[in-house]
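Subject: the two-chain model

Hi,

Here is the structure I promised to pass on. Have a look first, and my notes follow below.

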Amino acid sequence: MESETIIEVENLAKRFGTFEAVKDVSFSVNRGDVFGFLGPNGAGKSTTIRCLLSLITPDVGSIKLFGKSFKTDRSAILSNIGSIIEKPDFYKYLSAQKNLEIFARVSGANVSKKEIQEMLEFVGLGDRGKHKLGGFSHGMKQRLGIAQTLLHKPDLIILDEPTTGLDPQGIVEIRNLILRLKNEQNKTILLSSHQLSEIELIANRMVIINQGRSIVEGSVSDLLNTQELLVRIEVDNARAAAELVQKAYPETILKINSDIELELTFVKELVPALARLLISSNMNVHAIEPTRKLEDYFMKIIQA
Amino acid sequence: MLLKNTYNEFIKILAKPRSYLGIGALTLLVGIIIFAMKADGLSIISFVTSSFEQTLTFNGAVLNGNLIAYIILQMLIVHIPLLVALVTGDLISGEAAMGTIRMLATKPISRTNIVLSKFIAGAMYTLFLTLWLGFVALFISRQIFGTGDLIVLNSDGLVILQDADVLWRFGLGFCVAFLSLLTVSTLSIALSAFTENSIGPIVSTMAIIILFTIIGSLDVTVFDNIKPYLFTTHMASWRSFFRDPIPFSSIIQSIVILVVHNIILVAIAVYKFNKKDITS
């Protein structure tokens, strides 16, 4: 069965004066997707997302959300979307609870104070409801931002660089929250980021954009599996192992890191054969660790 | 949705410290004027009335609560626009600077309703400020100085209004003063739709008021055609209620011009905010 298309963007373009922020972006997001919207800084991600939320009117192209257009169904569309753009900004002179009450009142749904408290607890701010925002850390504001996106129980959640500026613990917390939204509440999530590693951990589909154009779109695993891996090998004698591998696979790029460690680029399917080769040659293999060369892949895609 | 967001706007205005700045400043200024008049009011009044004493005899308390309230209004009505703009000029641009306008504009409330709710909240704040001025100027002055006939010196000469004939004039005067201040509020909100910092609209509002006031006071023929259409020309129309007879036709003309200003400014703000790309 074909899944329902929640977001459909076609040939989007937006210019600010002489600057073309978005030149030609197209992609689609299906119901239940955690969709990665990937691109380097300045690629046009935030402008595209602002167009998706009707904050900016595109010059060219079409946007359909839930099969509807902003021209005719703005209110119906926005009542089914929760979003954070870049960073969640709140009224600093109001408490977390009051901030959520303000946004709930204009969200198009009747949200009770009890539901607001439950939402604060969901994002781990249950005991901070009465505190003014002035004293909140960036991570706490980000979690409150996610609470704000969920208040009116939207089907689609749009998060623009939600982990920017967070410490490692904050990044993990936000990542886990996003995964809970997908797993427990079955939300459709569009997540923008400039870090492929982050998208790989969370998303099932993605589009990569660069210089205002969408370059590649598809399943995250399919896109990444076609790429070479970076394999780190730990053996007793790295030099001997390197000679052996180079002889068997002459096109492999090798790098000896130390007497016992070497790295090589390798296609995923050949990793078991590589392991067999080393062991059958009486090498003491301590570790074979395949990792994706995400940065290289990303650079290769955006430079293509 | 309009009512819900208007309620939100009230909560925001009530929570902002700057909202109380105007009320505090107004109370302090009225207090200072009342104190000064209590301390030295008689000599000030005798200085003014001395030129009439050859032809007129003044009986009773000339320095009474009605006169003090009138003096306070004359003095403060020039400064209150700043206190109004301080709050209303920040309503849209302050949210743009804070980034919350972005959050608000992604909600299923139309941009027109966002602007209109801010106008309503701004108007209510202006009304409260006017009522507060009325309370502290009139009620407290009458409590401290007592009541009596009001002697007003204006361009027609000396007008003496009986005590029983004063309160309704103050009431109507406050209504027109509110409309004048509402125009300032509307102007600052309209300017607020154009910028993304909160100081700009406040300074611009005051600059426009000063510029228009100067144009209005210049006795230059070239400005004669535009003077009747400047809102600043009509901001002091409340004083006309203290003339005898009251020039109702000129007051109604002022009201019409102020109302038209308000409608045009609201329309400009709604149009601009609807067309605006929110990039903050």
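This is a predicted model: local features need pLDDT of at least 70, side-chain atom pairs count only at pLDDT 80 or more; totals for chains, interfaces and linings use all residues.

Before the notes, a definition: I call a residue buried if 20 or more other C-beta atoms lie within 10 Å of its own, exposed if 12 or fewer, and partly exposed in between, with C-beta atoms placed from the backbone. Helices (H or I, at least four residues) and strands (E, at least two) are DSSP runs, numbered from the N terminus.

Residues are numbered from 1 along each chain as its sequence is written, and chains are lettered from A and ligands numbered from 1 in the order in which they are written.

Chain A

Chain A contains eleven helices and 13 strands. Its C-alpha trace spans about 70 × 45 × 45 Å along the principal axes, and 39% of its 304 residues are buried. For contacts, I use C-beta atoms, placed from the backbone, that lie within 7 Å. Of the contacts in chain A with a separation of 6 or more, 68% are between residues 24 or more positions apart.

Glu269(A) is another story. This residue sits in the loop between strand 12 (261-266) and helix 10 (271-280) of chain A, and it is exposed, with 9 other C-beta atoms within 10 Å. From Glu269(A) to Ile208(A) it is 61 residues in sequence and 25 Å in space, C-alpha to C-alpha.

Chain B

Chain B has ten helices and two strands, in the order α-α-α-α-α-α-α-β-β-α-α-α along the sequence. The C-alpha trace spans about 70 × 45 × 25 Å along its principal axes. The radius of gyration, taken over C-alpha atoms, is 21 Å. Buried residues account for 40% of the 280, and 81% of the contacts between residues at least 6 apart in sequence join residues at least 24 apart.

Where the chains meet

The contact takes 21 residues from chain A and 23 residues from chain B. On the chain A side, the elements giving two or more residues are helix 2 (70-78) and helix 3 (96-105). Helix 3 gives the most, with four residues.

So which way do helix 3 of chain A and helix 1 of chain B run relative to each other? Their axes (lines fitted to C-alpha atoms over the stretch in contact, with angles from 0 to 180 degrees between N-to-C directions) come within 9 Å and cross at roughly 155°. The two helices are therefore roughly antiparallel, a label for angles over 145 degrees. At this crossing, Lys98(A), Ile102(A) and Arg105(A) meet Lys4(B), Tyr7(B), Asn8(B) and Ile11(B).

Over to you!

Conventions:
The radius of gyration is taken over C-alpha atoms; the globule rule is 2.2 Å times the number of residues to the power 0.38. Two residues are in contact if their C-beta atoms, placed from the backbone, lie within 7 Å. Angles under 35 degrees count as roughly parallel, over 145 as roughly antiparallel, 65 to 115 as roughly perpendicular and the rest as oblique.
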